[in-house]
Number of protein chains: 2
Amino acid sequence: MAEVRKRKPRSDAQKNRELLIEAAKEVLGRGGPNASLEAVARRAGVGIGTLYRHFPTREALFMAVFSRELDQLLATAEDLAEREDPLEAIRSWLHANVNLVETKRGMLGALSLVMTEDLKKGYTERSNLVLSAMDRLLEKGRSAGEIRDDVSAEDLVQTLYAICYARQPGPDWRENVLRVLDIFVDGLKR
Amino acid sequence: MAEVRKRKPRSDAQKNRELLIEAAKEVLGRGGPNASLEAVARRAGVGIGTLYRHFPTREALFMAVFSRELDQLLATAEDLAEREDPLEAIRSWLHANVNLVETKRGMLGALSLVMTEDLKKGYTERSNLVLSAMDRLLEKGRSAGEIRDDVSAEDLVQTLYAICYARQPGPDWRENVLRVLDIFVDGLKR
DNA sequence: CAATATACGGAGGCAGCCTCCGTTTTCAAG
DNA sequence: CTTGAAAACGGAGGCTGCCTCCGTATATTG
């Protein structure tokens, strides 16, 4: 099967990839999910062609940017699974998301894009891992009779990002998001 | 004050305004809130300059498109205020929104834009009327001790559109939106 | 019918999207 | 170290959309 006597990947390619991800963090952080990809390329000091070769779509770039964050979210989810009462674990996880997102407001749109549109369609395993971690948490709550059984992990994630995204930026952003999120979590009780 | 000996508004202007709104319904309905305004002008059969003269911003155009819908939403809110138990009234109003939005999926983004970004900043009276109608409903529920008192009308509207917007289009859209919305409404209980 | 206030339309300048392909660089075999 | 081919680069080019500006056309009014 594996007909794969390949060269080692070229070092310049690897380097440019990093530069692009770094630049994307910057530019998307400021300009939001519609920021110019040409601006990303400029900031990275590479040609626009190079950007497109590495990341054929906007989403692919976002995905790369959030790779680490997703890992962390996953770790948090798995941690929480072992410990607390499930409803509070879910609440904590959602809060953790808000904290993470708070420092990268501009990327929020990108993240929610990645977590919903793109990955929701089943494309990347990483997001599926996150989803199934949440599913386990939900299941635990359900069998304890604590959580209603008409909610899915997707519901949680989509609603989380929906709320984060819809809120007006401003000094009260965090406070408002957490407040509305808590209302939602309270609604999860059986 | 009113220094206003003006000519009657020109008939062609009035007609073009209608054409533009009609075209915007079409084009935004398909292409969503980022659809091309030049496409709207083309479809209306007028120059792009004419579009911009009538509607200086994208939001102004959206606003014109939704004018009637907003009236209707307002009427519904005021109706409900007189009748049911407040929590259920709110639920009904939110559901009415979903129904309204369902038939114009493409315009959802536009509507939510209008209801949140634009109007939320306090600009147009119409949306403020809607908000204060909801506020009255909330207040009624609060003083009856039925509804928690850390929720605002803006919270409701923003969350509503957030949920509608975040959901994947598809056959189950309506069902899913209503389900998640109900969870949120349940969370509103004191 | 004229005069003029109003409104029209689209060219023009700028920016972003994405593709395509000639040029450059890296790798590794000899 | 040389060398040649695989891999990667970069940006010009073609397209579309944004918005402004202003010369031209037309409805209204006396």
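Trainee: How many residues surround DNA strand D, and which are the closest?
Mentor: There are 26 residues around DNA strand D, and the closest are Asn16(A), Val46(A), Gly47(A), Gly49(A) and Lys8(B). A residue is near a strand here if its C-beta atom, placed from the backbone, lies within 6 Å of it. Keep in mind that this is a predicted model: local features need pLDDT of at least 70, side-chain atom pairs count only at pLDDT 80 or more, and totals for chains, interfaces and linings use all residues. Residues are numbered from 1 along each chain as its sequence is written, while chains are lettered from A and ligands numbered from 1 in the order in which they are written.

Trainee: Which elements give two or more residues to that surface near DNA strand D?
Mentor: From chain A they are α1 (11-31) and α3 (48-54), and from chain B they are α1 (11-31), α2 (37-44) and α3 (48-54). Helices (H or I, at least four residues) and strands (E, at least two) are DSSP runs, numbered from the N terminus. The largest share, four residues, comes from α3(A).

Trainee: And what's the split into nonpolar, polar and charged near DNA strand D?
Mentor: The surface near DNA strand D has eight nonpolar, seven polar and eleven charged residues. Ala, Val, Leu, Ile, Met, Phe, Trp, Tyr, Cys and Pro count as nonpolar, Asp, Glu, Lys and Arg as charged, and the others, Gly among them, as polar.

Trainee: OK, now DNA strand C. Which residues are the closest there?
Mentor: Ser11(A), Asn16(B), Val46(B), Gly47(B) and Gly49(B) are the closest of the 26 residues that surround DNA strand C. At least two residues each come from α1, α2 (37-44) and α3 of chain A and from α1 and α3 of chain B.

Trainee: Which helix gives the most to the surface near DNA strand C?
Mentor: That would be α3(B), with four residues. By class, the surface near DNA strand C divides into eight nonpolar, seven polar and eleven charged residues.

Trainee: Changing topic: how many residues of chain B are in contact with chain A?
Mentor: 22 residues of chain B touch 22 residues of chain A, where contact means C-beta atoms, placed from the backbone, within 7 Å. On the chain B side, α6 (108-120), α8 (153-166) and α9 (173-188) each give two or more residues. That side of chain B is made of eleven nonpolar, five polar and six charged residues.

Trainee: How do α8(A) and α8(B) cross?
Mentor: Their axes come within 8 Å and cross at roughly 125 degrees. That makes α8(A) oblique to α8(B). Axes are lines fitted to C-alpha atoms, for helices over the stretch in contact, and angles run from 0 to 180 degrees between N-to-C directions. Angles under 35 degrees count as roughly parallel, over 145 as roughly antiparallel, 65 to 115 as roughly perpendicular and the rest as oblique.

Trainee: Left-handed or right-handed, that crossing of α8(A) and α8(B)?
Mentor: Right-handed. A crossing is left-handed if the near helix is turned anticlockwise from the far one by less than a right angle, and right-handed if clockwise. The residues in the α8(A) and α8(B) contact divide into ten nonpolar, four polar and no charged.

Trainee: Last one: what does the secondary structure of chain A come to?
Mentor: Nine helices and zero strands. Within chain A, α4 (58-82) and α7 (125-143) pack at about 20 degrees with their axes 9 Å apart. That makes α4(A) roughly parallel to α7(A), and their crossing is left-handed.

How values were computed
Two residues are in contact if their C-beta atoms, placed from the backbone, lie within 7 Å.
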